[in-house]
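This report goes through a protein model from its overall make-up to single residues. Please keep the sequence and the structure at hand while reading.

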Amino acid sequence: QVQLVESGGGLVQAGGSLRLSCAASGTIFGIYAMGWYRQVPGEERELVAAITSGGSTKYADSVQGRFAISMDNAKNTVYLQMNNLNPDDTAVYYCNGHIRPKELALGVEYWGRGTLVTVSS
């Protein structure tokens with residue numbers, strides 16, 4: 001099986017920065033894409049940023065120019081560098097991966113448990 005474990009959340013003041021990490025482990029055959037979503041209580045989970053194994057990226061309009069996603073293919077780890085944070089960025093951030101486990105012939109979507117990011121004004 002495959003597991004995603006996030007780290008790096010916490011409390012930061014507006015204007016500050018945080019870096020989230022998500023490591024994929026287990027019986028991985030290959031990673032197609034990974035990304036970050038966030039969710040505020042009472043609202044739907046939304047895409048923040050995503051990256052393919054080839055390096056193509058996609059960002060939500062609200063974070064474009066402030067956040068940067070990157071992936072270390074050798075470590076099966078995706079990062080989200082978040083700069084110039086504001087209180088609207090407060091949410092639980094979830095790691096997402098489209099990963100093919102060794103046991104299967106196709107990719108499966110996996111989720112981490114989430115890490116809380118709180119931005120104070």
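Helices (H or I, at least four residues) and strands (E, at least two) are DSSP runs, numbered from the N terminus. The model is predicted: local features need pLDDT of at least 70, side-chain atom pairs count only at pLDDT 80 or more, and totals for chains, interfaces and linings use all residues. Residues are numbered from 1 along each chain as its sequence is written, and side-chain values use heavy atoms, with hydrogens and water left out.

**Overall make-up**

The protein has 0 helices and 11 strands. Read from the N terminus, the order of elements is β-β-β-β-β-β-β-β-β-β-β. The radius of gyration is 14 Å, close to the 14 Å that the globule rule gives for 121 residues, so the protein is as compact as a globular protein of that length. This radius is taken over C-alpha atoms, and the globule rule is 2.2 Å times the number of residues to the power 0.38. The C-alpha trace spans about 45 × 25 × 20 Å along its principal axes.

Of the 121 residues in the protein, 39% are buried. Buried means under 20% relative accessible area, exposed means over 50%, and partly exposed lies in between (1.4 Å probe, protein chains only). The protein exposes about 6,400 Å², and carbon and sulfur atoms supply 49% of this area. Accessible areas come from the Shrake-Rupley method with a 1.4 Å probe; for residues, only the protein chains shown count as cover.

A contact means heavy atoms within 4.5 Å. Among contacts between residues at least 6 apart in sequence, 56% join residues at least 24 apart.

The protein carries 9 positive and 10 negative charges, and their mean positions are 9 Å apart. Lys and Arg count as positive and Asp and Glu as negative, while His and the chain ends are not counted. The place of a charge is taken as NZ of Lys, CZ of Arg, CG of Asp or CD of Glu.

**The aromatic pair**

The structure holds 1 aromatic pair. Tyr37 and Trp111 form this pair, which is edge-to-face, with 5.0 Å centre to centre and 65° between the planes. Tyr37 lies in strand β4 (residues 28–39) and Trp111 in strand β10 (residues 108–111), so the pair ties together parts that are 74 residues apart in sequence. Rings of Phe, Tyr and Trp (its six-membered ring) pair if their centres lie within 6.5 Å; planes under 30 degrees apart count as stacked, over 60 as edge-to-face and the rest as tilted. Tyr37 is partly exposed, at 22% relative accessible area, and Trp111 is partly exposed at 34%.

**Two asparagines with positive phi**

Most residues other than glycine have a negative phi. Asn76 has a positive phi of about 50° although it is not a glycine. Asn84 also has a positive phi, near 50°. Asn76 sits in the loop between β7 (67–72) and β8 (77–82), and Asn84 in the loop between β8 and β9 (91–101).

| Residue | Relative accessible area | Class |
|---|---|---|
| Asn76 | 24% | partly exposed |
| Asn84 | 47% | partly exposed |

Trp36 lies in strand β4 and is buried, with a relative accessible area of 0%. The C-alpha atoms of Trp36 and Leu85, 49 residues apart along the chain, are 16 Å from each other.

Ala91 belongs to strand β9 and counts as buried at 4% relative accessibility. Beyond its neighbours within four places in sequence, Ala91 contacts Arg38, Gln39, Val40, Thr115, Leu116 and Val117. Pro41 is 50 residues from Ala91 along the chain, and their C-alpha atoms are separated by 8.1 Å.

Arg66 is in the loop between β6 (57–59) and β7. Is Arg66 buried or exposed? At 14% relative accessibility, Arg66 counts as buried. Leaving aside neighbours within four places in sequence, its contacts include Gln81, Met82, Asn84, Leu85 and Asp89.

Ser121 is found in the segment after β11 (115–120) and is exposed, with a relative accessible area of 88%. Not counting residues up to four places away in sequence, Ser121 touches Ala14 and Pro87. Ser121 and Ala33 are 88 residues apart in sequence and 33 Å apart in space, C-alpha to C-alpha.
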